[in-house]
Every structure is written in C-alpha cells, then in structure tokens.
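Today I opened my notebook to look at how the parts of one protein chain meet. Here is what I looked up, entry by entry.

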Amino acid sequence: MTKAISYAAHDPKSPLAPFAFERREVGAEDVEIEILFCGVCHSDLHQARDEWGNSTFPMVPGHEIVGRVTRVGSAVKKFKAGDLAGVGCLVDSCGGCPDCADGLEQYCNHSVFTYNSPDKHTGKSTYGGYSNLIVVDERFTLKISDKLDLAATAPLLCAGITTYSPLRHWKVGKGHKVGIVGLGGLGHMGLKFAHAFGAHTVLFTTSPGKAEDAKRLGADEVVISKDAAQMAEHLQSFDFILNTVAAPHDLDQFMSLLKRDGSMCLVGVPDSPHPSPSVGNLIFKRRTLAGSLIGGIQETQEMLDFCAEHNITSDIELIPIQEINEAFERMLKSDIKYRFVIDIASLKQAA
Ligand code: NAP
Ligand code: ZN
C-alpha cells in the first residue's frame with residue numbers, strides 16, 4: 001500500500017478538502033502513475049454534490065488523468081517506469097461480455113469507473129485523479145504522446161473521447177452540417193473534432209460572449225440559442241447535433257433543426273430530466289434522439305493518437321487544487337474557458 005494525498009468531497013454540501021488514503025499494491029498487471037495533471041469535468045461537480053443520487057463519500061473525483069509511470073507489475077508489457085500515461089473514466093470491466101468483446105467497455109454492465117465505483121481491490125470506492133498517485137490495470141491505461149502539451153492533453157481523457165466517439169459513430173465528415181450545443185469542456189472539444197473531420201460546424205450557445213472564441217475553436221457559424229429568429233434560420237438543416245448541455249432544457253428547439261433522418265445525440269447528464277420532446281418532431285421527419293457514454297479504451301487510444309497527429313488539445317485554465325471549489329462555482333455559471341485542469345504539484349503544498 002502506498003500513501004496518497006488528495007482533495008475529496010466529504011459530503012454533498014461541504015467544499016472539497018484535503019484527504020489522505022492508501023493506493024493498492026502494484027499487482028502483476030498494474031501500472032502505478034504519478035499524476036501530474038487532472039482535468040475538471042462537470043461530472044465531478046454533479047457527483048461531488050450527489051446530483052445523480054449515487055454518490056459515496058469520501059469521494060476523490062477526477063477522470064482526466066495524465067502523469068508519469070513510476071512502477072509496473074511483472075506482467076505489464078505496454079509501459080515502463082518513466083513513460084507518460086493517461087487514465088480516463090474507466091478502470092475495469094468484465095472482459096467477457098459482448099460489449100467488452102466489441103471494445104465498448106463503457107457499456108459493460110460491470111464496468112468500474114475511475115471514482116465513485118465499488119473497488120474490488122480495497123472494498124471501498126475507487127478514488128480518482130484529484131490525487132498524486134494512482135494504480136491502474138494496464139488494460140485501462142492509455143499511451144500519451146510527448147508531442148502535445150501535457151496539461152492540455154488531460155481533458156482528452158473524458159471531454160475528448162465523449163465528443164470524438166459519437167462524432168465517429170454517426171460518421172460526421174465533409175458535406176455534413178453539424179451542431180454542437182454548449183461551449184464548455186465537452187462542447188469545445190466537439191467543435192475541434194467536428195471541424196477536423198471536415199463538417200460545416202455550428203455552435204449553439206447561451207453565452208453571446210463566447211462567439212468569437214467559438215470561431216477560433218472551429219465553428220463556421222455561431223447561433224445564440226435563446227434568439228428564436230436566429231434558430232428559425234436553421235430549421236430542418238442539420239445532419240447531426242451533439243448536445244453537451246449540463247442542465248435540463250427544451251430539446252424540441254434543437255430537434256426541429258434536424259433534416260429528415262437527422263439525429264441529435266445527448267451527452268450532457270442533467271440532475272433532473274429534460275422536458276420530454278414532442279413525438280411529432282420525431283415522426284414527421286423520422287428523426288432520432290440518441291445518447292452516448294464516453295468511449296471504449298481502443299477508441300480512446302485512437303482519439304489520443306489522432307490528437308497527437310493533428311495537434312489537437314484542450315484550451316485550459318491551469319489551477320492549483322486549492323482553487324477547485326471556486327472552479328466548480330464558475331462552471332455552474334458557464335464561465336468556462338474551456339476546461340479547468342489541476343496542476344497536481346500544488347497538492348504537496350496542501351498536504
Ligand atoms: P461544462 O464545461 O460546464 O459545459 C456545459 C455547457 O453547457 C456550459 O458551458 C454552457 O455553454 C451550457 N449550459 C450550461 N447550463 C445551461 C443551461 N441551463 N441552458 C443551456 N446551456 C447551458 O460541462 P462539461 O464538463 O462539458 O459537461 C457537460 C455535461 O456532460 C455534464 O452534464 C457532464 O456530466 C456530462 N458528461 C457526460 C459524459 C458522457 O459520457 N455522456 C461524459 C462527460 C461529461 P454555453 O455557455 O455555451 O451555453
Ligand atoms: Zn468527465
């Protein structure tokens with residue numbers, strides 16, 4: 001067992017605060033990683049405040065982890081001490097079901113999330129990346145390129161794959177008109193990928209102040225979603241819309257912008273349901289309302305390699321861990337530019 005330091009939520013109402021715990025011994029198939037940077041996902045806030053009703057405490061959030069390998073188990077093949085490595089939202093799955101066989105471990109009924117999941121090794125909960133150290137099965141550890149800025153790479157492990165995967169699944173590319181709803185952590189990665197895949201990309205935002213940045217990040221057009229006249233100009237014109245909004249809202253205003261056979265995929269997970277979309281909006285144009293969860297390990301590696309090749313990273317604000325509670329508050333105000341990343345070196349000062 002190795003001592004680890006972290007910031008944890010101790011209950012849904014209190015600010016995150018320092019917390020010491022122990023990581024498991026490095027098993028034969030395990031990789032031990034000194035965490036250098038960890039992105040801050042809106043899911044961290046949802047779960048730290050028990051907004052999805054499934055939280056266990058203490059909770060060490062964080063599933064956008066990058067760092068350097070410090071030790072490896074005897075059977076590990078992909079990594080050696082000194083390598084860069086990443087961990088996303090998953091640390092285990094059953095390995096034997098059809099989802100695992102298809103490389104879609106995120107849909108396995110027995111997948112284990114990086115934090116707030118039962119941990120078969122310790123009998124407690126899994127603890128995530130707002131900490132200085134993690135021990136993870138090699139199968140769930142990702143190779144990280146040294147070509148990209150390491151701090152700006154961290155958000156690829158969740159915000160990156162959660163937007164890359166549905167854009168690939170719906171085969172977004174040249175000749176498509178694609179909408180991204182919400183310019184936060186997920187949304188800004190969605191813009192970058194849709195643009196890189198060659199689609200005509202439109203950002204829907206509630207924040208007019210983000211329009212200029214959106215164009216820099218890859219939007220061909222920006223639509224203020226509260227402006228009915230602007231929305232009406234785009235009726236029945238989209239092939240695909242990726243909706244990243246973290247709060248319940250009217251889905252029909254976006255469904256009506258899809259062409260016949262168009263799809264809107266939800267990735268945002270609000271704390272209470274969206275108002276149900278109208279059936280008429282679905283049947284008259286045979287539209288699809290869908291959802292998508294992160295991405296499998298193989299596709300996450302493919303996405304990381306794509307980013308290294310195309311020089312894609314996240315636009316980040318690097319913060320010391322002592323500012324995490326303030327970062328959560330800013331996230332709630334949609335005041336995101338466009339992902340907070342924790343510099344884990346700051347934990348030492350907190351210990
Ligand atoms: P974020 O950085 O806070 O961005 C969310 C954005 O949504 C905001 O910046 C804002 O953009 C827009 N927004 C927020 N409140 C809104 C409202 N009331 N009405 C309309 N727009 C609103 O969050 P994130 O980290 O990108 O995460 C987004 C959601 O995805 C969260 O619910 C998170 O839990 C979920 N998530 C899902 C998966 C998955 O696998 N499906 C993975 C990771 C995260 P504008 O200012 O541009 O309007
Ligand atoms: Zn996330």
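I began with the word contact, which here means heavy atoms within 4.5 Å. By that rule, 24 residues of domain 1 touch 25 residues of domain 2.

I noted that this is a predicted model, where local features need pLDDT of at least 70 and side-chain atom pairs count only at pLDDT 80 or more, while totals for chains, interfaces and linings use all residues. Residues are numbered from 1 along each chain as its sequence is written, and side-chain values use heavy atoms, leaving out hydrogens and water.

Next I checked the bounds, which come from an automatic or database domain assignment. Domain 1 covers 2-158 + 295-350, and domain 2 covers 160-291. Taken over C-alpha atoms, their centres lie 27 Å apart.

Then I looked up the buried area (the accessible area, with a 1.4 Å probe, that two parts lose on being put together, summed over both). Between domain 1 and domain 2 I found about 2,000 Å², with 58% from carbon and sulfur atoms.

How many salt bridges cross the interface of domain 1 and domain 2? I counted a side-chain nitrogen of Lys or Arg within 4 Å of a carboxyl oxygen of Asp or Glu, and the rule finds two across this interface.

My last entry is about helices, which are DSSP runs (H or I, at least four residues) numbered from the N terminus. I also wrote down one salt bridge by name: the side chains of lysine 192 and aspartate 315 meet at 2.6 Å, N to O. Helix H1 (42-48) and helix H10 (297-310) each supply at least two residues of the side of domain 1 that touches domain 2. H10 gives the most to that side, with six residues.

Note on methods
Chains are lettered from A and ligands numbered from 1 in the order in which they are written.
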